[in-house]
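Let's work through some aromatic rings together. Have the sequence and the model open, and try each task before you read its solution.

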Amino acid sequence: MSFFGFGQSAEIDIILNDAETRKKAEHKSEDGRKDKYFLFYDGETVSGKVNVTLKYPGKRLEHNGIKIEFIGQIELYYDRGNHHEFVSLVKDLARPGELTQSQTYDFEFTHVEKPYESYTGQNVKLRYFLRATVSRRLNDISKELDIVVHTLSTYPELNSSIKMEVGIEDCLHIEFEYNKSKYHLKDVIVGKIYFLLVRIKIRHMEIDIIKRETTGTGPNVYHENDTIAKYEIMDGAPVRGESIPIRLFLAGYEMTPTMRDINKKFSVRYYLNLVLIDEEERRYFKQQEITLWRKGDVMRKSMSHQAAIASQRFEAPYNPEKPPNQNSEDDS
Amino acid sequence: MAEAIADTRRLFTKPQNLNDAYGPPSNFLEIDVSNPETIGVGRGRYTTYEVRLKTNLPIFKLKESCVRRRYSDFEWLRAELERESKVVVPPLPGKALFRQLPFRGDDGIFDDSFIEERRQGLEQFLNKVAGHPLAQNERCLHMFLQDESVDKSYTPSKIRQA
């Protein structure tokens, strides 16, 4: 956001030192538009240059100081005036004085802590940005540069499966199982639904992914639920003893990592909702929370291990001696 | 232990018992509303319908039953279920009061096409309601479907299975 307007006598640009090499990530803005921003991780240094360009060369620019800030803030939409800053760093670039020509200033925020992931939601926004300001008596000139921060996690040490028997007494008993409780964003949910007792007329079954954004505290807690995915896993009437498999690829859906009580301001949690629908459109459901996390991009050294896993599809036991599938017969 | 490609093989499942796979399902419940008969003469006439039930659900005492009910009995059932249970009870086919006014060109509420329309609506209503797990716990539903006559001065209660 820049205050370009009538009477601005200078332009500010913020250029990052590693702009050529640094990756960019897509991030949805409040109005739904997708833009690309420079991607940073926790602990990385943010360094670059601030260019102050005089619009009318020869005309001096008097100022009360030039500075650059690195800010991480949470903005609740129902309370727009109050920005909660959880990271606030500042570097003074110039003492109050006069600019007679365009100038460039270097800056470096070393090993900046970026504890949370950037998030733009329905009722809350968490963003990181650089803001360069030329302070003046009447009105400041400033320029902001938004960046996106991703928080990475490593494979959890403990990742137990979720297995539970639920139902309505004497009407419907099922046992559901999901292979993990913590999934990364490009993971696959592998599971099954086993029918123990079916005394109702089921027409189909689906699994939904629900995102719940919680803002506010105490009596003013507000939950915003959003169904991100609906995936039919069964069409028709099951009977006792039948097992329905689940294989749901998460990479196709726009999701964020699970965020719990971020700076005590908001949470974003994900739930699997298993829904059974009967002949009369009655719905029976069971919701279960899952933890989503973001995996770093790491290239695996060994390709044969990956290929061996990919060539297995069903219950065949994994055999490390089996060569990977290389040819596909063309029968044309 | 990190894997670039996820293992998507199916989870282990017990093989299904063949009796379960090919035997009769445990959810068999059929209700038919049929054979409308108009009883009485003149002003006091009314129509009754045969309500026939076939089931293998243990919650029903009789696996087959056949009773006769009139429209006001259905209205009574609907009111009881609304009051006693948390079920959102579906609507009945219309009361058609306008058909009971005099000087109509047709047979009013004893018109064949009207009775057929009403019969269908009553059948839909019963199938929706009788399959509801919560409604199945209500004494009034079982009395309506399987007792010889409806005792409107009964004591509402829940059915418990042994």
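**Ring pairs and their neighbours**

Phe70(A), Phe86(A), Phe107(A), Phe109(A), Tyr116(A) and Tyr128(A) are joined into a cluster by ring pairs. Rings of Phe, Tyr and Trp (its six-membered ring) pair if their centres lie within 6.5 Å; planes under 30 degrees apart count as stacked, over 60 as edge-to-face and the rest as tilted. The model is predicted, with local features needing pLDDT of at least 70 and side-chain atom pairs pLDDT 80 or more, while totals for chains, interfaces and linings use all residues. Side-chain values use heavy atoms, without hydrogens and water, and residues are numbered from 1 along each chain, with chains lettered from A.

**Exercise 1.** Classify the pair Tyr119(A) and Phe266(A).

- Step 1: a search over all chains finds 10 aromatic pairs.
- Step 2: in this one the centres are 5.6 Å apart and the planes at 15°, so the pair is stacked.
- Step 3: Tyr119(A) is in strand S10 (residues 119–120) and Phe266(A) in strand S21 (residues 266–278), 147 residues apart; strands are DSSP runs of E, at least two residues, and helices of H or I, at least four, numbered from the N terminus.

**Exercise 2.** Describe the pair Phe74(B) and Phe144(B).

- Step 1: the pair is edge-to-face, with 4.9 Å between centres and 70° between planes.
- Step 2: Phe74(B) lies in helix H2 and Phe144(B) in helix H4 of chain B, so the pair ties together parts 70 residues apart in sequence.
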